[in-house]
Amino acid sequence: MRIGELAERAGVSTRALRYYEEQGLLRPERSASGQRHYPEAAVDRVALIQQLFTAGLASRLIVTLLPAIDAQHVGPELLERLVAERARITTKVGELQEAGCRLDVLIGLAAHPYAGECPATLG
């Protein structure tokens, strides 16, 4: 399939697909005229790449991780990097939850401005 069809089916822009190619995450075949052609499996591959980006992984790590996923084997060095990424994500989730709680305080103050004194902190 051509790049436009893959973009539509995967729910991403053609620009994103070109970026994935530049980063080595996708490797389309090229026609004699230079047009990109993707296999059917590219739809699932793009979905996986999107999930890994959503998890906060950098393209440098994803390009290393994809062959390990294909081989169904993660070596010790890659495993160490994944564990570190998981710890980073866990920390970030905690920070986001804390920020959400602070926003709840602000929302409560905005909804009920005369309910009490304004707190010195939002914690």
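In which element is A47 found? Let's answer that first and then walk through the rest of the model.

## Starting point: A47

A47 is found in helix 3; helices here (H or I, at least four residues) are DSSP runs, numbered from the N terminus. This is a predicted model, in which local features need pLDDT of at least 70 and side-chain atom pairs count only at pLDDT 80 or more, while totals for chains, interfaces and linings use all residues. Residues are numbered from 1 along each chain as its sequence is written, and side-chain values use heavy atoms, with hydrogens and water left out.

A47 is partly exposed because its relative accessible area is 38%. On this scale, buried means under 20% relative accessible area, exposed means over 50%, and partly exposed lies in between (1.4 Å probe, protein chains only). The C-alpha atoms of A47 and L103 are separated by 32 Å, and these residues are 56 apart along the chain.

The buried residues of helix 3 are A42, V43, V46, I49 and L52. They pack against helix 1, helix 2 and helix 4. Just after helix 3, G56 takes a positive phi of about 95 degrees.

## The nonpolar core

The largest nonpolar core has 23 residues, and those with the most contacts inside it are L6, L17, Y20, L26, Y38 and V46. Such a core is a set of buried Ala, Val, Leu, Ile, Met, Phe, Trp, Tyr and Cys residues joined through side-chain atoms within 4.5 Å. Helix 1 (3–10), helix 2 (14–22), helix 3 and helix 4 are the elements that give two or more residues to this core. In soluble globular proteins, nonpolar side chains tend to be buried together.

Take L17 as an example: not counting residues up to four places away in sequence, L17 touches I3, L6, A7, V12, L26, Y38 and V46. Contact means heavy atoms within 4.5 Å.

## The largest pocket

The largest pocket has a volume of about 170 Å³. On a 1 Å grid over the protein atoms alone, a pocket is an open set of points where a 1.4 Å probe fits, with protein on both sides within 12 Å along at least five of seven lines; lining residues have an atom within 4 Å of a point. Grid points are joined across faces, edges and corners, and the volume is the space filled by probe spheres set on the points.

This pocket is lined by 14 residues, of which L25, L26, R27, R45 and L66 lie nearest its centre. Helix 3 (42–54) and helix 4 (59–71) are the elements that give two or more residues to the lining. Helix 4 gives the most, with four residues.

## Helix 4 and beyond

S59 lies in helix 4. Is S59 buried or exposed? S59 counts as buried because its relative accessibility is 11%. Leaving aside neighbours within four places in sequence, S59 is in contact with Y19, Q23, L25 and F53.

Q72 is found in the loop between helix 4 and helix 5. Q72 is exposed, with a relative accessible area of 74%, and its phi is near 55 degrees, a positive value in a residue other than glycine.

Finally, E95 lies in helix 5 (residues 76–111). At 46% relative accessibility, E95 counts as partly exposed. The C-alpha atoms of E95 and V46, 49 residues apart along the chain, are separated by 29 Å.
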